[in-house]
Amino acid sequence: MKRIVKTVVLGAFLATSSVYGVSVTGCTGCHGQHFEKAAMGKSKVVKDMSLKEIVVALKGYKAGTYGDTMKQMMVAQVKNLSESDLEAISLLIKTGSGSQTEHATDFAAAAAVAKAGGQYTNLNEDASDAMRIEQEDLGNRNSVSERAMGLRKTDLYSESTTTGVKTDYSRPSPGSSTRFERAFKDAPPMIPHSVEGLLPITKMNNQCLGCHMPEVVPSVGSTPIPKTHFTNYRPTTVLKDGKVMKEGRIIGWDLPNTADLKLAKAKKSDTLYQGRFNCTQCHAPQSKTKTDVANTFRPDFGDDSQKAHSSLLDTMNEGVE
């Protein structure tokens, strides 16, 4: 709803000029293409509401007089819309043919809200189990069987019938999951909720932003996108007089390798840096699969707060200063 950019023509309502300038595309991430879903499992099903009820709800959200669980999230969406915009949006919801969801939504159901306040799931708990590590330690055995040596846990003579464990990526829906503990200090947090309907992520279609932008987080209880993701740390590179320059220095004899550069001067922005638009490059969905081998790694967080929060912004220059 935030971006009112799509021109919509409703043949039967040509006289309603406000309809021309509004779009319901930004609503579909939570409410469904035909407004058939309860947003984040909590709201009313909008398609079952009357036109009058929708108008009253939207205007009430703007005035701060309407709503319950989802109130703060909706207030953030409608606060910059005029009453005529809200009336036109209500009309589109009841008379339109739905909105395609391949477009980016401003407020998509993508937040992983930890309902078990302050609790985090340890991803390494099973793989780092002391008894399992001892059982899988082959170093002190007098003999080792083929079955024990392989990751598949079968001997070489029956491998034709060996199949891998089917990966199960099913997870609780956004808004009902518990956050994962970080794998190590400053590790990117893994995605604890289902990503069904949220992929693929592109520059023009990133539904993660709907609930993880810092200004939306207080409304939905999600994890905010950190300041590092709004910052460009790459060196400014230009071609000047036939010479490549990085951060004002010519790449040549005095600067033979770009790795010799200290961290470039940070360029902060109010919008997400597009070099980080692909969230799943670092933040990956987690499968329900037992690891093939035990894990002897033990993270050293320093203090418990680092299990859930990153200090990367404070340590970004370590090793280059």
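How many salt bridges does the structure hold? The structure holds 7 salt bridges, a salt bridge being a side-chain nitrogen of Lys or Arg within 4 Å of a carboxyl oxygen of Asp or Glu. The model is predicted, and local features need pLDDT of at least 70, side-chain atom pairs count only at pLDDT 80 or more, and totals for chains, interfaces and linings use all residues. Residues are numbered from 1 along each chain as its sequence is written, and side-chain values use heavy atoms, with hydrogens and water left out.

K59, E83 and E87 are linked in a network of salt bridges. Between the side chains of K59 and E83, the N to O distance is 3.5 Å. K59 belongs to helix α2 (residues 51-63) and E83 to helix α4 (residues 83-95), so this pair ties together parts that are 24 residues apart in sequence. Helices (H or I, at least four residues) and strands (E, at least two) are DSSP runs, numbered from the N terminus. In the salt bridge of K59 with E87, the closest N and O atoms are 2.7 Å apart. Because K59 lies in helix α2 and E87 in helix α4, the pair joins parts that are 28 residues apart in sequence.

Relative accessible area was used to class residues as buried (under 20%), exposed (over 50%) or partly exposed (in between), with a 1.4 Å probe and protein chains only. K59 is partly exposed at 23%, E83 is partly exposed at 47%, and E87 is partly exposed at 38%. A further salt bridge is formed by D186 and K185, with the closest N and O atoms 3.1 Å apart. D186 counts as buried at 17%, whereas K185 counts as partly exposed at 33%.

R141 is found in the loop between α5 (130-136) and α6 (146-149) and is partly exposed, with a relative accessible area of 39%. Leaving aside residues up to four places away in sequence, R141 touches Q135, E136 and A148, contact meaning heavy atoms within 4.5 Å. A polar atom of the R141 side chain lies 2.3 Å from the backbone oxygen of Q135.

Two strands pair if DSSP finds at least two bridges between them. Strand β3 (residues 243-246) pairs with β4 in the antiparallel sense over 2 bridges, and K246 stands opposite R249 in β4.

Key:
A polar contact is a pair of N or O atoms within 3.5 Å; within protein, one must be able to donate a hydrogen and the other to accept it, and residues adjacent in sequence count only if both atoms are side-chain atoms.
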